[in-house]
Structure formats: C-alpha cells, structure tokens
Amino acid sequence: MQQTYQYGWIIPFIPLPVPIFLGLGLLLFPTTTIRLRRMWSFQSVLLLSIILVFSTNLSIQQINSNSIYQYVWSWLITNDFSLELGYLLDPLTSIMSILITTVGIAVLFYSDNYMAHDQSYLKFFTSMSFFSTSMLGLVTSSNLIQIYIFWELVGMSSYLLIGFWFARPLAANACQKSFVTNRVGDFGLLLGILGFYWITGSFEFEDLFEIANNLIYANEVNPLFLTLCAVLLFAGSVAKSAQFPLHVWLPDAMEGPTPISALIHAATMVAAGIFLVARLLPLFIVIPPTMNLISLIAIITVLLGAVLALAQKDIKRGLAYSTMSQLGYMMLALGMGSYRNALFHLITHAYSKALLFLGSGSIIHSMERLVGYSPSKSQNMVLMGGLRKYIPITKTSFFLGTLSLSGIPPLACFWSKDEILNDSWLYSATFALIAWSTAGLTAFYMFRIYFLTFEGHLNIHFQNYSGKQKIPFYSISLWGTGVSKRISQNSSLLSSQSSSKKILNRRVDSNFRNRIQLLAFFTSTRTPFDNKKPYPYPCESDSTILFPLIILGLFTLFIGSIGIPVNQEQEGVYSDILSKWLAPSINLLHQKSKNYAEWYEFVKDAIFSVSLSYFGIIIASFFYKVPYSSSINLDFINSVVKRGPNRMFWEKCINPIYDWSENRAYIDFFYTTTLIRRVRGLAEFTYFFDRHLIDGIANGVGFFGFFVGEAIKYVGGGRISSYIFFYLSYVSIFLFLFFIFTPLLV
C-alpha cells in the first residue's frame, strides 16, 4: 500500500506525453503524424486506463483501511516564507480521479468516430489530454497554490475546447464569454487565497484548517474579514460550477463539439467547483455566514436552472441548464454540511449526464445526415421527433439517463437526490419546498426533451403532420413569442378542428406516411461526409459511438448501489460502500439524519419525491407526447385541448413564464445593458480621450514645432532673393494697414 501511495505524484503527468509528442510530431514529421492520427486516440485511452487502474486500486485500499497519504517537499525557502509542493491522496482525490478517467475514456473512445471527419482531429485529442492533465493535477493538489495553478490550466484548456471551432463566430464568442466570466471568479479565488495566507501564514490545507479554527475559537481574527476571504474563495467555485449569478457562460459553452460538452460539463470542469468547496469544507464549516451564503446561492441555482430549461429548443442547451440545476443540488448539500450526499450526487450525476450528452451527440450525428452540418438545425428539437424508430439504441440509453436524472428508482440519481431532499427538511423548510418542487420540475423538462426528440413523427420532413398537440402551450415552449402571437390570431384553428367531422386516425396515419414518402423522395439530403449516398431518414450511429453509451448506461443502472446501506453494523446502523470510502466524513446533519434500520422507512421518505417525479412526467406526456394515434380515442383529447375561457386564461399566465425562460430570465440582457455596454462605453471614451486629447496635445506640439521650423527654414535659408521678398511683403502689409486704419483713427 505504501508503494502505491509513493507513486501517486505521477497521476497528473501520465496523459501529458500525448500533447507533447503530438506537438513534436506536427513540428518535425507533420505528414506522418497526420497520416497516423487515429493512433493517438488509442494512446490517450491507454494512458487514462492506467490512471483508472491506479485510482481503483487506491480506492479499494482506502475503503479497507480509511487511510490518507500526503507527501510534500520544499520548493522555496527563505527566512520569512516557505512554499511546499506535493500531492494529497484521500477519498475525495480517488473519487474525482475515477470520475475523470472513466468519463474521459468513454468520451475519447466516442470521439474517435465522432470527430473522425474533422480536420483538427489531432488538435482535439491534444486539448483533451491536456485538459485531463490539468484536472488530475487539480484534484491531487496539496495546497492552495497548486490548486490555483491547475485551476487556471483547467480554465485555459476549457477555453481551447469550447472555442475548438473558433471559425464560427458563435463558438468564438462562447469561449471568450466563458473565459471572461471565469476570470471574475478566479480573481476572487486569488484574493481569497492571499487573504487566508495573510491570516494563517500557510497555504497547506491541514495547517490552514487548524490555524483558522484556533484563531476563531480564541477570537483573534476579524470575523468580517474572515468571512470576506471565505466568500472570495467560494467565488471561484461559483464561476467554475456555473452557480448564479456567474452561470451565463454554461449554455453558450455548448458551441463546442458534443464530446467536449460531455467531458467538461458532466464530470470534470463544472465539478471542479464542487471539488473545491468539498476540499475547503472544514474551513467553511467554522464560518456560518459562508455556509448560509453557499446554501442560498445553491437553492437559487437549483430553481433557476430548472426553470430556464423549460423553453429551450436546443437539446444541448436544455441539458446544460439541467447540469446547472443539478450542480445546485450538490452545492446545496455542501452548504447544509452533507458532505457525503454531495459527493454521492456528484458521482451519480456525472455518469447520467455524460450518458445524456453523448446520447445527444448521437442524435445530432444522425440528424446531420439530413440537414448537414448546421447546429441550429441538427440540435433543434423542433425539427426532431419520432427518432425512436430510427435510432433505438440511442433512444434506450437516452431514456435511461432521463429516468435517472428524473429521480426514478432504481437508477443512480434517485438514491443521491433523495438523500439531499431529505436533509433539506432538517436545514430549512423553505429551501426544502423549493428543492422538492424542482425535483418534479426536473422530471417535467427532462421528459419534455425526450418526448420532443423521440416521440411523434420526423418534423424535419413534414412539420404540419408531426402529430404534436397544436395547443399554445406546446407552441410557446418551442417557437417562442412570435408563433404564440400568430396562434392567438388564428384562435379558431382548434375550435374548427374540434367542431368539424371526425377523421379516422388510420386515415391520418396513412396520409402522413404517403406525404412523408413523397416529400422524402424530393427532399432527400446527403450526409456531409459522403456526397454519394442519400439519407432520407436518420440512422443509428456506428458501434464506436454506441459502445460508450452502453457502458455509461450500465454505470447509470448500478452506480447508485455504492450508497445503498446493505451491511448492518453496531447500534443498528446500516453502512454502505460510500460511507466506508469517505470515513471519517464531514456531515453536520448526522446527528439529526435517519439511520434506515428498516427498509420501509426509506420507502416512506422516497414515496413523495418519486410521486413528484411521476407527476412531472405525466404533465410532460400530456403536453408533449403524441396524442394522435390510431390506438387511442380522441374524444377526451379534443375535449381537453378545446379553446375556451379557461384555456385563454392559462395562456396568459404561461406566456410570460415561457418568454422569461426562453430569454434566459433576461440575465444576459441585464449584463449586456448594465455591464458590457457601460464597460464598452468607458473603453470608447478612454480611447477617444487618449487618441484626441492626450495624443492631440502631443501631436499639436509636434505639428507646431514642425511649422515653426519650416517657417524659420525659409526665412533663414541664406538666399538674398528670399530676404528681399519677405522684406517687401512686410513693408507692403504695413503700408496697406497704415493707409486703411489712419482715416479711422483721425
């Protein structure tokens, strides 16, 4: 075991040879390196697999022995200052290492096929390997200085990955927005690190926690300054984990390739903020105002992310706001002191969300066969529908991820989210109501995405016969204000349909099929990768894309078992693998929380959350699942969707909510008007002041000297004719003025 720990320092550097040798190969042997480019994906997967084996072995030893290992060596030593570098191997490090490597391996395996057509294939794997190195260095850091160094490397790597397709203006703007937004949090993190060094005189975690605790206990530190420094540390996590109000970069970051979205926004970059708060939780616990602020920011993020996901048309943006909301749950658990539950949800959510993002990539890949490379079309759920018939494996995997994120047992996220919801009642009734309500809202928007993508008919060919409910709720959620107004003007559409003669469903279905076949014949498109073979319908992705989906689907099914209490120990307390892994863990609520000595108690607590989830699913199915089918009776449906005073009233209530959600709660607009425009105006004023006033004075003096010199040059040129000319000119001017003004003076 000691030998395993001794080689822990090598973990961050194992993926580093890939970007180094790729760079050297492109400089020295560019043709050969490009020709053998597919080999580098295998190298990347192999190196991450080595780290996975090492991390798994480390985790097993920690579960059995509850051991922590830290090794440091001196870097800088002076009379008043010393800086040490090292690595820390504890349960938090091993959990993060396993998450980074497992999701990273799946994403790299997936990317080999997904990015095969891209000319920057090598650049992609170089950036991905460097990103893995940065994240692994972050989670193994033993002090705040190392944390900050790798924190910035992670930010730089994410900037390169989000802006991978920088030739597209949207991608270029997205990576700049992400970089600038994270700089705000990173500046706060730097100030917090310096503030705590000024207070404690140390960057090491153990010394920092002990000294700060002693100073607070002895009342030898200003509590306001201590709280300010803690809040500044938390600001770094707010930006990196997309917490309100620095969340605005996350949906725009979807402009990068889908594998990047799966890696960065599922298990790694956004999880870095959760990791930092978990690492510094012993410090935050002794500063109650900071814990209260963490909980407040988290609960706002939980609700805001869920509401903003309601009206998204882009499938990746919908999943991005879902990530934001779920990160809020993790941060809420940390703010309540539920260390174990926060990490449990971090694990379950990482695999579920990676499955959903990679599933969305398979969907986009299949849609590109129809629309070509056009993110506004291939990612638009309005143009999807009925894909379950064409991509059944992707549909099944996406369905598993949707069920898990919705909190349906026995899938992964059910076990972790339910424990956070139960703990919220012990912390605050208000926060608990918001958290539980958002659980039902999560099921609603996730199944909205599922129904719009896989149910109904393929809208890209024939939207008028999509089979979706033509009711304002559906139209608003997809098309926004413009179409809702148009539908309001044509308000007699539904009433005329309901009052007309009933049409047989079989005839509707047969007419639809005939029109689809005819339209597909004339509008058959070609894949952007093969200009010879037409694709009138989507088709399933290749096996190298589907295999990671299957593996992540298995993780989604079974990873929740690590938090299920199975072994009864002393005093009737049931223990689980995760608790043994994290022991001794920090949990402020452990004295109040329940020990599930009997399964019926757990079922009793879970019934309400599962009921909310099923309620959200039912509402989503009512509004978004196809009702027009040959196997159901339309009488009830027509009676429900019939327009009347109640329907008009609900439309007036729902319209503002969907407009608010579709416009991202106007937060981006607020930042644009209050910050960006003012900063830009200040920059323009500064430019004008510098160019016309500061430079104008200097240039004016220069021009004046130039003209004076030119005048003197001509006056004192040494030519007699010039002297006579200037003499006679001055005499003529004097005589002219004299004869003009003399009569006036007399």
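Colleague: Is S59 buried or exposed, and why?

Modeller: The general idea is that a residue counts as buried when its relative accessible area is under 20%. In this predicted model, S59 has a relative accessibility of 5%, and therefore counts as buried.

Colleague: Where does S59 sit, and which residues does S59 touch?

Modeller: S59 belongs to helix α4, which covers residues 38-65. Once residues up to four places away in sequence are set aside, S59 touches S94, I98 and W581. A polar atom of the S59 side chain also lies 2.8 Å from the backbone oxygen of S55.

Colleague: What separates the C-alpha atoms of W249 and D668, and how many residues apart are they along the chain?

Modeller: Those two C-alpha atoms are separated by 9.6 Å, although W249 and D668 are 419 residues apart along the chain. For the protein chain overall, if we take contacts between residues at least 6 apart in sequence, 79% of them join residues at least 24 apart.

Colleague: How many helices and strands does the protein chain have?

Modeller: The secondary structure of the protein chain comes to 32 helices and six strands.

Colleague: What should I look for in the backbone itself, for instance at the peptide bond from F244 to P245?

Modeller: Here one reads the omega angle, and the bond from F244 to P245 is cis, with omega near 5 degrees. P245 is found in the loop between α10 and α11. The peptide bond from P409 to P410 is also cis, with omega near 5 degrees, and P410 is in the loop between α19 and α20.

Colleague: What is the phi angle of N219, and where does N219 lie?

Modeller: Phi of N219 is near 55 degrees, a positive value in a residue other than glycine, and N219 lies in the loop between α9 and α10. N219 is exposed, because its relative accessible area is 64%. Y666 likewise has a positive phi, near 60 degrees, and is a residue other than glycine; Y666 lies in the loop between α30 and α31. With a relative accessibility of 39%, Y666 counts as partly exposed.

Colleague: How many disulfides does the structure hold?

Modeller: A disulfide is a covalent bond between the sulfur atoms of two cysteines. The structure holds zero disulfides. Among its cysteines, C175 counts as buried because its relative accessibility is 5%, whereas C539 counts as partly exposed at 24%. C539 is also one of the contacts of S366, together with I391 and P538, when neighbours within four places in sequence are left aside. S366 is in helix α17, residues 339-371, and is buried, with a relative accessible area of 0%.

Colleague: Which residues make the nonpolar surface patch?

Modeller: The patch, of about 970 Å², is made by I720, I724, Y727, L728, V731, F734, L735, F738 and F739. One of these residues, F738, is found in helix α32, residues 720-745, and F738 counts as partly exposed because its relative accessible area is 43%.

Notes:
Residues numbered from 1 in each chain as written. Predicted model: local features only at pLDDT ≥ 70, side-chain atom pairs only at ≥ 80, totals over all residues. Heavy atoms only, no water. Helix = DSSP H or I, 4+ residues; strand = E, 2+ residues; numbered from the N terminus. Contact = heavy atoms within 4.5 Å. Disulfide = S-S within 2.5 Å. Buried < 20%, exposed > 50% of the residue type's maximum accessible area, 1.4 Å probe, protein only. Patch = residues over 30% accessible without salt bridge, like charges linked within 9 Å, V, L, I, M, F, W, Y side chains within 5 Å. Areas by Shrake-Rupley, 256 points an atom, 1.4 Å probe, with all protein chains shown as cover. Salt bridge = Lys/Arg side-chain N within 4 Å of Asp/Glu carboxyl O. Polar contact = N/O pair within 3.5 Å; in protein donor to acceptor, adjacent residues only side chain to side chain.
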